[in-house]
Amino acid sequence: MTSPPPKTPRLLARAAQTATAAAAVADVFRTLEFREHTVPHTVSQQNEAPRDSVLGTQIFIWLMTLSALLFLVWLARSRRNALELSPEAKLPGGGWLIGAWFVPVVNLFVPLRHVLAIARASSPAWDRKRDTTLVSLWWAAWLGHGIVLTTTLKVVPESMAGLVVTEVLMAAAAVLLILVIERITALQSAALDRPAPVPSPVEV
């Protein structure tokens with residue numbers, strides 16, 4: 001029994017991109033809301049602050065969770081396609097592809113290697129300099145966001161500068177991830193949509 005032909009994850013890509021953008025926007029509103037209510041001016045604001053902050057945080061967590069799930073599903077599909085396009089490529093197993101994101105310390109560098117491996121196996125058109133830089137910038141922004149956020153919350157939780165830097169890095173990571181998804185999906189689409197060569201007739 002032959003396996004079905006690989007499908008380009010266009011729909012998954014769009015869903016992951018949309019969820020990523022929505023989570024980034026929700027994070028900005030959540031942060032602004034938190035900052036606005038840090039020093040309430042009226043009794044009414046004091047009463048509304050906890051409720052508003054909790055709601056904003058819940059919405060952000062839901063969207064962030066959805067974004068992460070869609071991204072991982074898209075990544076797993078992209079890995080299968082990359083194996084079809086480059087059977088000789090050394091790609092991580094499906095379990096390790098997902099599991100590496102949840103192992104402390106390992107998740108600081110291994111997921112980046114996995115994404116790059118899938119991207120390179122997706123098409124010879126992958127530009128090692130330009131496209132690899134795009135993926136690396138996304139990862140740097142994502143790690144930078146986590147480092148600055150953790151440091152700010154522990155050292156200077158009311159720092160406006162730390163808040164601004166955190167949100168800038170979050171927005172940059174979201175935009176860069178959307179571009180990474182778009183690039184890899186476009187490469188796989190071009191490769192998978194290319195008509196298969198017609199075998200030449202065998203002379204008897």
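This is a predicted model: local features need pLDDT of at least 70, side-chain atom pairs count only at pLDDT 80 or more; totals for chains, interfaces and linings use all residues.
A search of the whole structure finds four salt bridges.

**Stop 1: Glu 182 and Arg 14.** Select Glu 182 and Arg 14, which form a salt bridge with their closest N and O atoms 2.9 Å apart. Glu 182 sits in helix H6 and Arg 14 in helix H1, so this pair ties together parts of the chain 168 residues apart in sequence. Glu 182 counts as partly exposed, at 33% relative accessibility. Arg 14 is also partly exposed, at 39%.

**Stop 2: Asp 27 and Arg 30.** Now select Asp 27 and Arg 30, whose side chains meet in a salt bridge of 2.5 Å, N to O. Both residues lie in helix H1, three residues apart, or about one turn of the helix. Which side of the 20% cut-off for burial does each one fall on? Asp 27 has 2% relative accessibility, so it counts as buried. Arg 30 has a relative accessible area of 24% and is therefore partly exposed.

**Stop 3: Asp 131 and Arg 183.** Move to Asp 131 and Arg 183, another salt bridge, with the closest N and O atoms 2.9 Å apart. Asp 131 belongs to helix H5 and Arg 183 to helix H6, 52 residues apart, and the pair links these distant parts of the chain. Asp 131 is buried at 3% relative accessibility, while Arg 183 is partly exposed at 22%.

Keep Trp 138 selected. What is it in contact with, leaving aside its neighbours within four places in sequence? The partners are Phe 71, Trp 101, Val 115, Ala 173, Leu 176, Leu 177 and Val 180.

**Stop 4: confidence.** Finally, colour the model by pLDDT. The protein averages 85, and 81% of the residues score at least 70. Select residues 39–46, where the pLDDT is below 50. Beyond near neighbours in sequence, this stretch has three contacts in the model.

Note on methods. Residues are numbered from 1 along each chain as its sequence is written. Side-chain values use heavy atoms; hydrogens and water are left out. Contact means heavy atoms within 4.5 Å. pLDDT is the predictor's confidence in each residue, from 0 to 100. Helices (H or I, at least four residues) and strands (E, at least two) are DSSP runs, numbered from the N terminus. Buried means under 20% relative accessible area, exposed over 50%, partly exposed in between (1.4 Å probe, protein chains only).
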